[in-house]
Amino acid sequence: MPRRKPSTSQLAIVDRNGEADERPVAKRPLDFGERWSYAPAPEASNYIKLHDRYQLFINGRFVAPKSGNYFDSINPATEEKLAEIGAANEKDIDLAVKAARRAYRNVWSKMPGRERGKYLFRIARLIQEKARELAVLETMDGGKTIKESRDIDLPLVAAHFFYYAGWADKLEYAFPGRKARPLGVAGQIIPWNFPLLMAAWKLAPALACGNTCVLKPAETTSITALHLAQILQEAELPDGVVNIVTGAGKTGSALINHTDIDKIAFTGSTEVGKRIASAVVRTKKKLTLELGGKAANIIFDDAPIDQAVEGIIAGIYFNQGHVCCAGSRLFVQESVFSNVIRKLRDRISTLRVGDPLDKNTDIGAINSRAQLDKICELVDSGLKQGAQLVQSRARLPAKGYWYPPSFFTGVTASHRIALEEIFGPVLSVMTFRTPEEAIARANNTPYGLSAGVWTDKGSKIFKIVNQLRAGVVWANTYNKFDPSSPFGGYKESGFGREGGRHGLLPYLTLS
Ligand code: NAI
Ligand code: MG
């Protein structure tokens with residue numbers, strides 16, 4: 001791993017006995033597995049039918065990209081090539097947008113809501129039928145654990161289609177006394193951390209409202225979107241209602257700049273989000289952005305500490321920390337600090353890192369080499385700026401991209417690890433004395449996507465929650481999602497909401 005060797009006084013490696021092992025990761029002996037090992041329990045993947053090449057999905061058909069170019073999608077847990085993916089250029093984008101426009105004019109905008117709803121219900125049911133296969137593909141292409149793709153991602157994907165299917169014929173009740181009309185063609189760009197779920201968050205409300213879509217998945221995780229395209233064919237969704245174009249930033253940029261698009265929805269980095277905002281600002285395009293986060297999880301001294309530690313673990317190590325709402329900053333009330341740290345150390349030493357297809361794995365692969373480099377660079381900066389790193393002793397596989405569950409103590413508000421999104425399994429722990437201090441420090445970030453509060457007192461929850469500038473605040477739990485709850489941020493975390501009745505608004509005009 002491209003990691004600078006930290007000075008030993010700054011690094012503690014923890015195993016099951018809480019013993020420190022200061023050897024570099026590569027030189028460490030086997031992990032606690034000797035005493036706590038489970039037999040391998042790999043999810044079957046031999047029945048998965050991967051195509052050698054995935055084409056673009058335009059106007060209801062799979063078509064080769066005009067450029068003739070393809071790029072590889074790899075399995076980040078093995079570094080093996082899974083398939084080639086078509087690279088769409090401006091001509092392909094134009095064809096996709098034209099198909100979406102035709103479908104909008106001739107079919108989808110004219111169709112009664114109850115008929116649109118039937119298609120969405122059908123898509124939701126087909127996703128349920130193929131959920132296991134899609135979960136395996138999601139895990140192979142993106143590196144997330146099968147436990148998560150099977151139990152969290154896929155059920156939520158289907159739930160999202162079911163939920164918005166229900167709104168399709170009830171828009172007049174969603175906004176009583178007002179007339180709701182679709183916008184037209186939506187250009188939608190999604191990231192790699194929840195590939196199918198982000199596709200569902202974008203497509204389901206847009207379609208329910210009567211819009212047509214051109215969706216661009218992230219370049220490292222395009223495969224499941226193209227299997228979703230097959231499901232759309234099976235559901236007999238009219239041609240052109242959804243088009244899926246693959247490629248990297250250039251493809252995304254071509255979609256953003258196409259002149260016949262009415263609405264842009266983007267989830268990804270704040271940097272690209274800002275670029276998109278300035279590209280769209282002088283056009284008629286409506287825009288919603290869901291960008292980064294640096295969420296604060298606040299533990300008060302009256303909190304049930306074991307429960308809180310479980311929540312912290314779920315908040316930062318879920319999906320390798322590739323979560324925009326990850327609880328990546330932890331503020332602990334001073335009087336319980338040592339207790340929380342001891343439990344955190346114990347707990348990370350039991351997390352299983354490795355084969356994402358194994359049903360016992362807690363922490364899968366980092367999505368890409370680039371993301372691993374970014375994590376390593378930020379961890380280095382934390383060490384250089386004087387913070388202390390505690391890292392699990394988990395043995396990392398020789399191939400693939402991995403990062404052990406880690407947390408920093410001795411973090412100050414000006415450290416980069418306290419300010420910037422790491423997007424990896426690395427937590428920054430800080431302390432506070434009073435609720436006022438906790439609120440001020442939690443809000444001291446350019447982001448405002450999510451937060452968590454842990455306390456025994458309901459009144460304290462309400463008092464604190466009202467003062468946190470974050471779109472989602474969880475109390476005595478973390479990272480819980482439901483299609484009926486709106487999700488979105490303040491400040492540099494973006495604007496607009498996805499999910500719930502609120503999630504219809506970005507795809508409608510009301511009169
Ligand atoms: P990114 O913002 O570059 O990628 C997200 C999507 O935008 C991908 O589909 C990508 O192809 C597309 N894209 C890239 N450049 C574009 C452009 N100029 N115009 C239009 N579309 C473009 O994110 P990246 O580079 O994969 O990750 C960098 C960092 O961003 C991560 O380390 C993390 O901190 C943050 N991030 C946040 C996410 C979130 O859910 N809020 C998701 C992914 C990344
Ligand atoms: Mg991949």
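# A tour of rings, helices and one buried alanine

Select Arg53 and Tyr70. Arg53 lies over the face of Tyr70, at 3.8 Å from the ring centre. Keep in mind that this is a predicted model.

Go next to Arg469 and Tyr490. Here the charged end of Arg469 is placed over the Tyr490 ring, 4.0 Å from its centre.

**Aromatic pairs**

Now colour the rings of Phe, Tyr and Trp. With centres within 6.5 Å as the criterion, the model has 12 aromatic pairs. Show Trp192 and Phe423, an edge-to-face pair. Their centres are 5.4 Å apart, and the planes make an angle of 85°. Trace the chain on each side. Trp192 sits in the loop between β8 (185–189) and α7 (195–208), and Phe423 in the loop between α14 (416–419) and β17 (426–432). The pair therefore ties together parts that are 231 residues apart in sequence. Is Phe423 buried or exposed? Phe423 has a relative accessible area of 13%, so with the limit for buried at under 20%, Phe423 is buried.

Move to Trp201 and Phe487. The ring centres are 5.2 Å apart and the planes stand at 65°, so this pair is edge-to-face. Angles over 60 degrees count as such. Trp201 belongs to helix α7, while Phe487 is in the loop between β19 (472–475) and β20 (494–495). This pair therefore links parts 286 residues apart in sequence. Both Trp201 and Phe487 are buried.

**Two helices**

Select helix α3 (residues 113–129) and helix α8 (residues 223–234). They pack at an angle of about 125°, with their axes 9 Å apart. That angle makes α3 oblique to α8. The crossing of α3 past α8 is right-handed. From α3 come Ile123, Leu126 and Ile127. They meet Leu228, Ile231, Leu232 and Glu234 in α8.

**Ala186**

End at Ala186, in strand β8. Ala186 counts as buried, at 1% relative accessibility. What is Ala186 in contact with, leaving aside its neighbours within four places in sequence? Select Thr212, Cys213, Val214, Lys263 and Tyr507, which are its contacts on that basis. Then draw a distance from Ala186 to Ala218. The two are 32 residues apart in sequence and 17 Å apart in space, C-alpha to C-alpha.

Notes. Residues numbered from 1 in each chain as written. Chains lettered and ligands numbered in written order. Predicted model: local features only at pLDDT ≥ 70, side-chain atom pairs only at ≥ 80, totals over all residues. Heavy atoms only, no water. Phe/Tyr/Trp six-rings, centres within 6.5 Å; stacked < 30°, edge-to-face > 60°. Helix = DSSP H or I, 4+ residues; strand = E, 2+ residues; numbered from the N terminus. Buried < 20%, exposed > 50% of the residue type's maximum accessible area, 1.4 Å probe, protein only. Lys NZ or Arg CZ within 6 Å of the ring centre and 35° of its normal. Axes fitted to C-alpha atoms, helices over the stretch in contact; angles between N-to-C directions. Parallel < 35°, antiparallel > 145°, perpendicular 65-115°, else oblique. Left-handed = near helix turned anticlockwise from the far one by under 90°. Contact = heavy atoms within 4.5 Å.
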